[in-house]
Amino acid sequence: MKRLGISVEGSTEREFVSRVLRPHLLQFDYSVTPIDIRGNVSLDKIRGELPRLLGSFDRVSTFYDYYGFKGRGQRSVDELEKAIHEEIDTSYSHRLIPYVQKYEFEALLFAVPDKAIEWLQGSANQLNQMQEAVNRCGSPELVNDSVETSPSHRMKKLFPGYDKKLHGPEIIELAGLANIRLHCPRFNNWLMQLENLN
C-alpha cells in the first residue's frame, strides 16, 4: 500500500480528508494521512512544509482554499497550483499533486444544498438561497470570493449555528463524493488524479 500525505489548510479539511477521502482512496491502495498546517497558507509557508512531506510519503497533495491564500496577488487558482509545484525540486515533481479549492471548502456544500438543508434542519427559503447563489455564479466552484459572498460567509449568514469543522465534513459524508463530483469539475479532476496515482 502506498502512502499519500495531503497537506491541508486547517481542521475542517483535515476532518474531510480523514472521514471522506481516506476511506474512498483506500480502495485505490493508498493509505491517506492529512497534515494540518494550521491556516495562514502562503507560498512561503508551503515552501517549508513540502520537502519534509515528500521525504515522508510516496506521494503528496495539497488541499488549500483559494480564498484567504496569503500573498496570492493576481494569480488565478491554476497559476497558484503551478506556483506551488514550482516550490519543490524538479526531481520530486512527479510525486506532488497541488490542489487549491476554488474558492473555499464550503463550495462543495453548495453542490449538495438539499443535503446541507437536511443536515442543518434548514428551511425551503434557505435552500432557495443556496440554489440561487449557484445559479447566479454558474457553478458551486464559482460561488465567489469576497467577505460578503464567499461560500463560508454565505453559510454562516444562512445558518448562524453552522460549525465549519463539524458540519462541513458531515454534510459531504452524508451527500457522498459522487454527488459532489458531479457538480464540481475541478474537485473531480483532482480526485481522478489521486485515484490514478498508480
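1. **Basis.** The model is predicted: local features need pLDDT of at least 70, side-chain atom pairs count only at pLDDT 80 or more, and totals for chains, interfaces and linings use all residues. Residues are numbered from 1 along each chain as its sequence is written, and side-chain values use heavy atoms, with hydrogens and water left out.

2. **Helices α1 and α9.** Start with α1 (11–26) and helix α9 (residues 185–195). Helices are DSSP runs of H or I with at least four residues, strands are runs of E with at least two, and both are numbered from the N terminus. The axes of α1 and α9 come within 11 Å and cross at roughly 50 degrees. Axes here are lines fitted to C-alpha atoms, for helices over the stretch in contact, and angles run from 0 to 180 degrees between N-to-C directions. The pair is therefore oblique. Under 35 degrees counts as roughly parallel, over 145 as roughly antiparallel, 65 to 115 as roughly perpendicular, and the rest as oblique. The crossing of α1 and α9 is right-handed. That label applies if the near helix is turned clockwise from the far one by less than a right angle; anticlockwise gives left-handed.

3. From α1 come F16, L21, H24 and L25; from α9 come F187, W190, L191, L194 and E195. Contact means heavy atoms within 4.5 Å. By class, this contact has 7 nonpolar, 1 polar and 1 charged residues. Nonpolar covers Ala, Val, Leu, Ile, Met, Phe, Trp, Tyr, Cys and Pro; charged covers Asp, Glu, Lys and Arg; the others, Gly among them, are polar.

4. **F16.** Look next at F16, in helix α1. F16 is buried, with a relative accessible area of 0%. Buried means under 20% relative accessible area, exposed over 50%, and partly exposed in between (1.4 Å probe, protein chains only). Leaving out residues up to four places away in sequence, F16 touches L21, F63, F105, P169, I172, L177 and F187. The C-alpha atoms of F16 and G168 are separated by 7.8 Å, although these residues are 152 residues apart along the chain.

5. **Helices α4 and α7.** Helix α4 (residues 113–120) packs on helix α7 (residues 164–175) at an angle of about 120 degrees, with axes 9 Å apart. α4 and α7 are therefore oblique to each other. α4 passes α7 in a right-handed crossing. K115, A116, E118, W119 and L120 of α4 meet H167, E170, I171, L174 and A175 of α7. The class count for this contact is 6 nonpolar, 1 polar and 3 charged residues.

6. **Helices α5 and α6.** The axes of helix α5 (residues 124–137) and helix α6 (residues 151–158) come within 11 Å and cross at roughly 160 degrees. α5 and α6 are therefore roughly antiparallel. α5 passes α6 in a right-handed crossing. On α5, the contact uses Q126, Q129, M130, A133 and R136; on α6, it uses R154, M155 and L158. By class, that gives 4 nonpolar, 2 polar and 2 charged residues.

7. **Cysteines.** How many disulfides does the model have? The count comes to 0 disulfides, where a disulfide is a pair of cysteine sulfur atoms within 2.5 Å. The sulfur of C137 is 12 Å from the closest cysteine sulfur, in C184, so the gap is too far for a bond. C137 is partly exposed, at 21% relative accessible area. C184 is buried, at 0%.

8. **Positive phi.** Most residues other than glycine have a negative phi. D29 has phi near 65 degrees, a positive value in a residue other than glycine. D29 lies in the loop between α1 and β2 (30–36). D29 counts as partly exposed, at 37% relative accessibility. N40 is not a glycine, yet has a positive phi of about 50 degrees. N40 is in the loop between β2 and α2 (43–56). At 55% relative accessibility, N40 counts as exposed.

9. **A cis peptide.** Most peptide bonds are trans. Where does the model have a cis peptide bond? One joins K102 and Y103, with omega about -10 degrees. Y103 sits in the loop between β5 (100–101) and α4.
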